[in-house]
Each structure stands twice: as structure tokens, then as C-alpha cells.
Amino acid sequence: MLDADMRPSCSLFLALVTCSLVSEGMRNGVGALSGLRVSVWKSYGHDRLYVNRSDGEKVAWLDRRTGYLQLLVEEQRDAVLDALAPYLTALPGPVAHKALRFEDDLARNRPGDALQEKVDELTPGFWRWALARLSGRRLEVDSWRTGLAGERRVGEELERLVRRGWRVLHSIPLAGNVDIDHVLIGPGGAFCFNTKCHRGARVWVGDDSVRIGGQSYPYVRKSRAEARRASAALTRACGFPVEVQPVLAFVAVAELQVVPSLRDVRVLQERDIAAFKYLETGWRPDKAELVYAAARNRHTWVRP
């Protein structure tokens, strides 16, 4: 169980309803009881209210188009809401986000960070490595390195979408010492990427499993399960339904065949990721930013 100050505050939709606006004296920016000052800022397409202390220190800001509320000083939550109340007529219920601590911001993660830790752990000393190579034996770390290369390759392709309005996160840690390879959020919705690297392989993907070289793998079921888990976490954190679609991405394969009946899981090769730049499903930028703000918080994902 997380302490109260560790729970993702973005999960709280605050029901702020005011019957009417107060006098112009209140609307000019001064919260008489709280000692906070509210100022209006409109520029570059934004319409925001900034809440400052009397000495000018910023305490919070509110996007009046979306109802997104960024709390910079959590202890001032009640005072901030009191100061903003006169401005909230006809606004959607704000979603309050605490400023992320550096160590909780998943935007810092690089593709394959989780696998890199495993590679570092399993990498043998020089003589053991040399003996394995001379004898032609594969080391356990080799398969992890292959997976790491695959995640980095897919990560590179996903990062190219950022200039087209998409947001990307990598190596999202979940409870149970597992992780999601990549999460993509943007104009086309939210997607959970499960990356698999099988160099030169011929891959057949069915409704529930994958066959490679006569061996079966549960990649399709795993992709569905990860997407359901991601959807539950983001819905809980944001306070509104967030559908996350599963994507199974293969790297460096020679051939990829997918049965036509498989429709709920996108299956593609890394070179196909560029097509996401043309995908739009009606997600406005403000909604994508709200979901991304929740997704980048480590504590959004730690609940089982």
C-alpha cells in the first residue's frame, strides 16, 4: 500500500462547482483568505491561470481549456482551489497533478533500460566469455543482448514520431519485476508495444500464439495482457477511460505472416512503425497530454 503522498494525484477529478462568479475585485487575481494571487496568461494558443504567492513564487497553474491543474506545492492544494474557484464556471473538472520527482519520471528511461540491467548482471568475466566463444557455446546473456538490441531498434523508430505530436515512454516498470517495453501516446490513441527480436526468422502469428522454427511462443496473449494492464493503470490514474491497444513488434525477421482473423493485436515489423504518423482517431492534444502526464509517473504503474 502506498503512502498518501506517494499515490498518483492525477487520479483525482475534483468536483469544483461554483454557482456564479464573484465580484470583479475577486476576479482581478487576489484570493483574500488564502493570500494567493491568480493571474491570467494567454499566449501561443494557451489559456492558463497561474496561482502565485505574494512574493511571486508559483504554486500552481490551470489550463482553462482542459481543466488540467498542475500543483507545484501539494500543501497548498486547498488554498489553490479556493483561489481558483471563481474562475471555474463551465470548466471540466480539473485533474490535479503533483510535480514529478526526478526519480519518478519515466520520461528519463531509455529503450531497453530494464534489459540493460539484466545484461550487466549476467555478463561474464573475460576468461569465461573467451572459453564460451572458443567452445561455440551460447551464453545466457546472449539472448538478453538480442532482446536489448530489438528494444533499442523499436525505440528509435518510435522516437521519430515525437515530431508528429506523439509521446513515447520506454521500459515502464510494473509490479512483479516485469516491464512494458514501450508506450506510445498521441493523436491515434494509446499503444502498448511488446518487442521481439528474432534475426532472420520466419514468423507465423495466429490468434493466440506465435510459431517460430517449429516452436510456439505466447507473444499474442502476453501483448493482450500487457495492454489490459496498461489500460487499467491509466484509467485509474486519469479518472476517465483510457483504452490501450496492444502492438506486437518484430525486429530483423526474414518473413512475417499474420492470420487475417487477428484484429485486436497489431502485428508489425519495426519498419512499419513510421505509418503511425498518419494515424488519427480524434484524440485532442490536451487529452494526449493528460494521459502522458499520468503515464510518465512511476507510481501510476506500481499497483498490481
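How much space lies in the largest pocket? In this predicted model, the largest pocket holds about 960 Å³ of space. Its lining comprises 31 residues, and those closest to the pocket centre are Ala114, Leu115, Trp144, Val178 and Asp179. Both helices and strands contribute to the lining: helix H3 (113-122), helix H5 (140-159) and helix H6 (219-238) each supply at least two residues, as do strand E6 (167-174), strand E7 (178-186) and strand E8 (189-197). Sorted by class, the lining of the largest pocket contains 12 charged, 10 polar and nine nonpolar residues.

An open sheet is formed by four strands in the order E11-E10-E9-E13, and the pairing within this sheet is mixed. Strand E11 (215-217) and strand E13 (255-258) are the edge strands, each pairing on one side only. From one strand to the next, the twist averages 20°. Strand E9 (residues 202-205) is paired with E13 in the parallel sense, over four bridges. Within this part of the sheet, Trp204 has Gln257 of E13 as its bridge partner.

A further site examined was Lys58, which is located in strand E3 (residues 58-63). The relative accessible area of Lys58 is 47%, so this residue is classed as partly exposed, a class that lies between the limits of 20% and 50%. Apart from neighbours within four places in sequence, Lys58 is in contact with Tyr50, Val51, Asn52, Leu72 and Val73. Between the C-alpha atoms of Lys58 and Leu36 the separation is 9.6 Å, with the two residues 22 residues apart along the chain.

Terms used. Residues are numbered from 1 along each chain as its sequence is written. This is a predicted model: local features need pLDDT of at least 70, side-chain atom pairs count only at pLDDT 80 or more; totals for chains, interfaces and linings use all residues. Side-chain values use heavy atoms; hydrogens and water are left out. On a 1 Å grid over the protein atoms alone, a cavity is a set of points where a 1.4 Å probe fits but cannot get out, and a pocket is an open set with protein on both sides within 12 Å along at least five of seven lines; lining residues have an atom within 4 Å of a point. Grid points are joined across faces, edges and corners, and a volume is the space filled by probe spheres set on the points. Ala, Val, Leu, Ile, Met, Phe, Trp, Tyr, Cys and Pro count as nonpolar, Asp, Glu, Lys and Arg as charged, and the others, Gly among them, as polar. Two strands pair if DSSP finds at least two bridges between them. Axes are lines fitted to C-alpha atoms, for helices over the stretch in contact, and angles run from 0 to 180 degrees between N-to-C directions. Buried means under 20% relative accessible area, exposed over 50%, partly exposed in between (1.4 Å probe, protein chains only). Contact means heavy atoms within 4.5 Å.
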